[in-house]
Amino acid sequence: MKRIIVLVAMLASFAFVCPTYSAPEKSTSAKQVQNTKKAKKVKRVRRPKGDWARFGFYEKANSEITKAPKAVFMGDSITFGWGKNRPEFFTENNYLCRGIGGQTTAEMLVRFRADVINLKPKYVAIMAGVNDIAENNGKIKLENVFGNIVSMAQLAKANGIKVILCSTLPADKIPWNSEIENVAEKVKSLNAMLKNFAKKNGFVYVDYYSSLVNEKGGLLEKYTRDGVHIRKEAYILIEPLVKAKIK
């Protein structure tokens with residue numbers, strides 16, 4: 001009997017001195033993981049298998065051209081949206097839109113011969129860079145983004161095409177990749193590189209940026225729906241800037 005009493009006393013003493021352990025709430029942990037995954041999710045444009053640079057996007061349209069265009073506008077979804085929202089700007093001036101959504105400068109450089117050089121335009125207007133800053137194809141140094149644009153300009157010049165380098169539009173955030181930091185500063189730095197390069201090499205530089213930027217380095221709210229892409233009114237605003245350079 002004494003042994004039983006002693007054992008009970010020892011167990012009671014152990015329960016008193018040992019701290020209790022509470023397992024973390026599984027729902028909170030799961031929610032945190034879910035939020036982390038959501039933050040890291042980056043929207044990607046679907047590409048046909050085996051056509052990384054999207055040669056097929058304008059292949060049929062290019063084959064049907066019977067008259068050399070006065071100018072080709074090379075770019076990403078912002079340029080593509082230009083053709084969609086303001087088709088008359090292109091048809092009335094013998095311009096061609098060759099923008100593809102989600103594209104980086106590397107993809108544009110690869111398809112530059114098919115979608116610009118082979119069409120034999122008098123001018124090419126290049127606007128690019130935001131999808132590189134957004135890391136659509138992974139991390140890339142700003143100097144290499146600039147280098148891809150330089151390569152397009154040099155290819156155009158070598159083929160007798162007059163080059164118009166257009167500023168990357170303002171942006172202070174990437175809506176499909178919230179992890180990208182210092183977006184406004186990167187856009188501003190890239191534009192400074194492009195402007196300096198154009199000046200040194202006798203190319204035309206068209207500044208869309210100054211007409212659309214707000215105090216934070218982003219797009220003016222009235223001209224954008226998501227902080228990167230622009231509305232019809234913005235296209236109308238910048239059209240005279242580039243048209244004046246196409247003689």
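Me: Which residues does Asn93 touch, not counting residues up to four places away in sequence?

Reply: Contact here means heavy atoms within 4.5 Å, and by that rule Asn93 touches Lys70 and Lys243, once residues up to four places away in sequence are set aside. Before we go further, bear in mind that this is a predicted model, in which local features need pLDDT of at least 70 and side-chain atom pairs count only at pLDDT 80 or more, while totals for chains, interfaces and linings use all residues. Residues are numbered from 1 along each chain as its sequence is written, and side-chain values use heavy atoms, with hydrogens and water left out.

Me: Where does Asn93 sit, and is Asn93 buried or exposed?

Reply: Helices (H or I, at least four residues) and strands (E, at least two) are DSSP runs, numbered from the N terminus, and Asn93 belongs to the loop between H5 and S2. Buried means under 20% relative accessible area, exposed over 50%, and partly exposed in between, using a 1.4 Å probe and protein chains only. Asn93 counts as buried because its relative accessible area is 17%. A polar contact is a pair of N or O atoms within 3.5 Å; within protein, one must be able to donate a hydrogen and the other to accept it, and residues adjacent in sequence count only if both atoms are side-chain atoms. The side chain of Asn93 reaches the backbone oxygen of Phe89 at 2.7 Å.

Me: What should I notice about the phi of Asn94?

Reply: Most residues other than glycine have a negative phi. Asn94, in the loop between H5 and S2, has a positive phi near 60 degrees, and at 26% relative accessibility Asn94 is partly exposed. Arg54 has a positive phi too, of about 65 degrees; Arg54 lies in the loop between helix H2 (26-40) and helix H3 (59-63), and is buried at 12% relative accessible area.

Me: How many helices and strands does the chain have, and what share of the chain is buried?

Reply: There are 11 helices and five strands in the chain, and buried residues make up 45% of its 247 residues. If you take the contacts with a separation of 6 or more, residues 24 or more positions apart account for 74% of them.

Me: Which residues of H4 are buried, and what do they pack against?

Reply: In H4, the buried residues are Ser77, Ile78, Thr79, Gly81, Trp82 and Gly83. Their packing partners are strand S1 (71-75), helix H5 (87-91), strand S2 (95-99), helix H7 (130-133) and helix H11 (232-243). Thr79, for instance, has a relative accessible area of 1%, and beyond its neighbours within four places in sequence Thr79 is in contact with Phe73, Met74, Cys97, Gly99 and Met127.

Me: Which residues touch the most other members of the largest nonpolar core?

Reply: In soluble globular proteins, nonpolar side chains tend to be buried together. A nonpolar core is a set of buried Ala, Val, Leu, Ile, Met, Phe, Trp, Tyr and Cys residues joined through side-chain atoms within 4.5 Å. The largest one here has 66 residues, and Phe73, Trp82, Phe112, Val124, Leu165, Tyr208 and Val242 touch the most other members. Helix H8 (residues 142-158) gives the most to this core, with eight residues. Apart from neighbours within four places in sequence, Phe112 is in contact with residues including Met74, Val124 and Met152.

Me: What lines the largest cavity, and how much space lies in it?

Reply: On a 1 Å grid over the protein atoms alone, a cavity is a set of points where a 1.4 Å probe fits but cannot get out, and lining residues have an atom within 4 Å of a point. Grid points are joined across faces, edges and corners, and a volume is the space filled by probe spheres set on the points. The largest cavity holds about 40 Å³ of space, and is lined by Asp76, Ile78, Met127, Ala128, Gly129, Val130, Thr168 and Leu169.

Key:
1 Å grid on protein atoms, 1.4 Å probe; cavity = no way out; pocket = protein on both sides within 12 Å on 5 of 7 lines; lining within 4 Å.
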